[in-house]
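Dear colleague,

Please read them with the structure open beside you.

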Amino acid sequence: MLRKAFTVLVVIALLLGGLTTVFAATPKSGGTLRIAASSLQSLQLYKTAANDITDSQSVIFDRLFILSKDNFKPIPSLAEGWTNPNPLTWVFSIRKGVLFHDDNSVFPKGTRREVTADDVVYSIGFMQKTSTAWTLGPITSVKALDRYTVEITTETPQPFLVNDPNRLCRMCIIPKEAIEKLGEDGFAKHPIGTGPYKFKSFSPDSGLLLVKNTSYYLPTYLDAVEFVVIPDPLAQSIALQSGEIDIIKHLFNLEMATSFEKNTKFDVVKSGGGSYRGIGFNTTIAPYNNPAVRKAISMLLDIDTAYKAVIGNHGERAYGQVPPWVPFGYDPSLKNLWSYDPAQGLKILAANGFKDQDGDGFLELNGKPFKIEIKTLPGSQVKTLTILATQLREKGINASVLTQDTAVWADDLVKGNTTVFFDYSFAGTTGFHSLFHGNMIGAANTHFYNNPEVNRLLDEALTKIKFDELSTLWKKAQRLVFEDTVGIPLYFEYSYSVVSKKVVDFVPPWGGLTLVSSENNVWLNK
Amino acid sequence: MGKYLARRILTTIPVLVGISFIVFALVSFAPGDSISLMLSNETVNVENVEKLKTELGLDRPWYIQYVMYMEKLLKGDMGRSVQFSRPVAEMIGEKIGNTFKLTIFSCLVSLCIAIPLGVLAAARRRSVFDYSATAIALVGVSMPSFYLGLLLILFFGLKLGWLPIRGLPTYDSTLFKQIRFLILPSITLGSSMAGILTRLTRATMIEALGQDFARTARAKGQSEIGVLFKHAFPNAFLPILTTFGMQFGSLLGGAVIIETIFSLPGLGMLAMNAVKFRDLPLIQGTVLIFAVCFVAVMLIVDILYVIIDPRIRYD
């Protein structure tokens, strides 16, 4: 009898548990999602790569495709699909029945217009003409084949056109008549897109309010989305805890990640991406123009100890620039390039003219004082670099870290006024190209590294449609760069969003913020 | 008075030109550059950035850029922000009201604290009240505003949950709602001024209360409150007003930090972002507006002198 009753109770409990799960998983409509932003000064398209601006735009505007949350490969959005009839041609099929937002000065209430291939052609042209933040690469023509088909042709095969989170993936579909009527400045004050949430009001550096686009081709659960500007990271954290906001999209302070992980009211969501962090050399300035010296310095650094002490489990050791989560170019075999061998490092330095001649405990180079000053911008890496500089001092190299204002740091790097520097990139698909290709000297290649073989491999890789071919070339180039010790990879730092428990189905931004897609649809479980 | 005003207004022109020149030169010679910052970004469109550089004249020597800037300024054009590609005048126009709200509220907060505290401390000299007022003033002057701001946010915003931690509501903001949002930033910004003015009010009131006219008023049967507010305070007010005018400038400067802590979108926050990005036209614009505000306040203080003390004549 008891056994029977127990079985019945177990069955009831299981049923209730199952029902609870079913109810918990059923999306609820309503509520306003409040997202913290550090700065939101303007909604001008393509003028800045600042996360907050581009994230808010990616909710107002649709893009042809977005990057999958699982593997960063492109998945359909406004384009239902695309084909490559030949390596130089991309044909996109536009989703039918997608409408521009109404209830504005261009499309009065109830007079919506359908998006056509002409809008895509116009939007690509607009981006090419006005963008300082992003580039689309060598596009030769864009034309509408019919009402819903667009053809893009390129000079050379361009796989990155769709694989890179910072190229076509950033292109917002805009209506031509709105730009013509409002002008660029006017359009930025009242953007009109086709995205899941439409513009309601904007107060620069205060907030942006978007409301539900009831005609969106996918269900939209939230009544409104509000971007709340709170510049100070600590104030953002307090606002989240006090309930004034629901999400911090980009948590830059790793100590806060640890603290939020312990708080049961919030989820710390790891982004699929992250950033590359290393030490870079200006390869044109002595003694760093000597690969042997660069190599020797790398051998004096106990990188594992340094980065683990600072970032703990919020990152992983890097042996090259491409991280494991990028679908090509990650090369774990690069590990064999790096060894902590101070004795060998000092031996190489001695062979290259480094000697402590005055007995002060620091090496001189050909009799002259030698000093390494690692220039960096503020951030979590300063502590790691300080530990590494201390390690160098212990080995007899007079090393220090100079933390600079970001604009000064960037200016010194771009103009070649820096010898050793904190090197970072978003570890995206083309970050490696920007940092080390000879064509990018004077811009992101602050190593002033110009290796014709690396340039050739990268140029060839950029034309490979197949990932395995691309990956092989990328790995070869990467190996050459790090055999030359142009930089010393330190670690990949994870990026996080902190989300209130009531927010369901949030995906950290990558190539824009996606609140509604075929993969996720954010709602509030109040 | 009219002649004086005209002269004062005319003399502000070279002051403002001088300020604009110094700021332009300082920013031009300071390390860091907005175009380099754009170029260092791995996603940059190098071609369009170079085009922008030429369009804005940033490839020319700094003195040529200055002449170009002044030419435009005389036509009422403050230029376009390099970072945001928006007209500087429009960006300033959006923010200036918030900074005025903050500074005016901070002035009110500091005057409401400083005048009664200072007067009463002087009237009850060497009492517990006097010592308490002096201690409060000392804390106000000594505590860094950013620290006080964070403490207030943590206590009233997070712990008690009484007040919003941001400077202004974004939407549907009634006057009452705006005042509620402004309480914490105004106390933070006004605390230092309140401390200075409390000490000054106390000192000048003690001096005034010891003067012959105060003694005569008491001898003629005037009540103590009457002596305080009818005789001593008007005489003590001129130095307070002068200091108040001078302190207004520091309030504008303090707004840069307070606006950032309290996420209050004002001129200070705009200036801070402009400096971070080395956005020269935006830096020039915000500094010029700060300068104009300061000069205008000093002019108003001069005019108030005449109203408060009719013996003062500028002609």
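The domain bounds used here come from an automatic or database domain assignment, and please keep in mind throughout that this is a predicted model. On that basis, chain A is divided into domain 1, which takes in 32-246 + 502-524, and domain 2, which covers 274-495. The C-alpha centres of domain 1 of chain A and domain 2 of chain A lie 35 Å apart. To the contact between them, domain 1 of chain A contributes 14 residues and domain 2 of chain A contributes 10 residues. On the side of domain 1 of chain A that touches domain 2 of chain A, the residues are made up of 7 nonpolar, 5 polar and 2 charged.

Turning to the strands, β12 (residues 266-281) of chain A runs antiparallel to β20 (residues 487-500) of chain A, the two being joined by 12 bridges, and β12(A) also pairs in the antiparallel sense with β19 (residues 420-425) of chain A, over 6 bridges. A:I279 has a bridge partner in each of these neighbours, namely A:I488 in β20(A) and A:F422 in β19(A).

There is also an open sheet of 3 strands in chain A, with the order β14-β15-β16 and antiparallel pairing. Its edge strands, each pairing on one side only, are β14 (354-355) and β16 (368-369) of chain A. Strand β15 (residues 364-365) of chain A is joined to β16(A) by 2 bridges, and A:E364 has A:P369 as its bridge partner in β16(A).

Key. Residues are numbered from 1 along each chain as its sequence is written. Chains are lettered from A and ligands numbered from 1 in the order in which they are written. This is a predicted model: local features need pLDDT of at least 70, side-chain atom pairs count only at pLDDT 80 or more; totals for chains, interfaces and linings use all residues. Two residues are in contact if their C-beta atoms, placed from the backbone, lie within 7 Å. Ala, Val, Leu, Ile, Met, Phe, Trp, Tyr, Cys and Pro count as nonpolar, Asp, Glu, Lys and Arg as charged, and the others, Gly among them, as polar. Two strands pair if DSSP finds at least two bridges between them. Helices (H or I, at least four residues) and strands (E, at least two) are DSSP runs, numbered from the N terminus.
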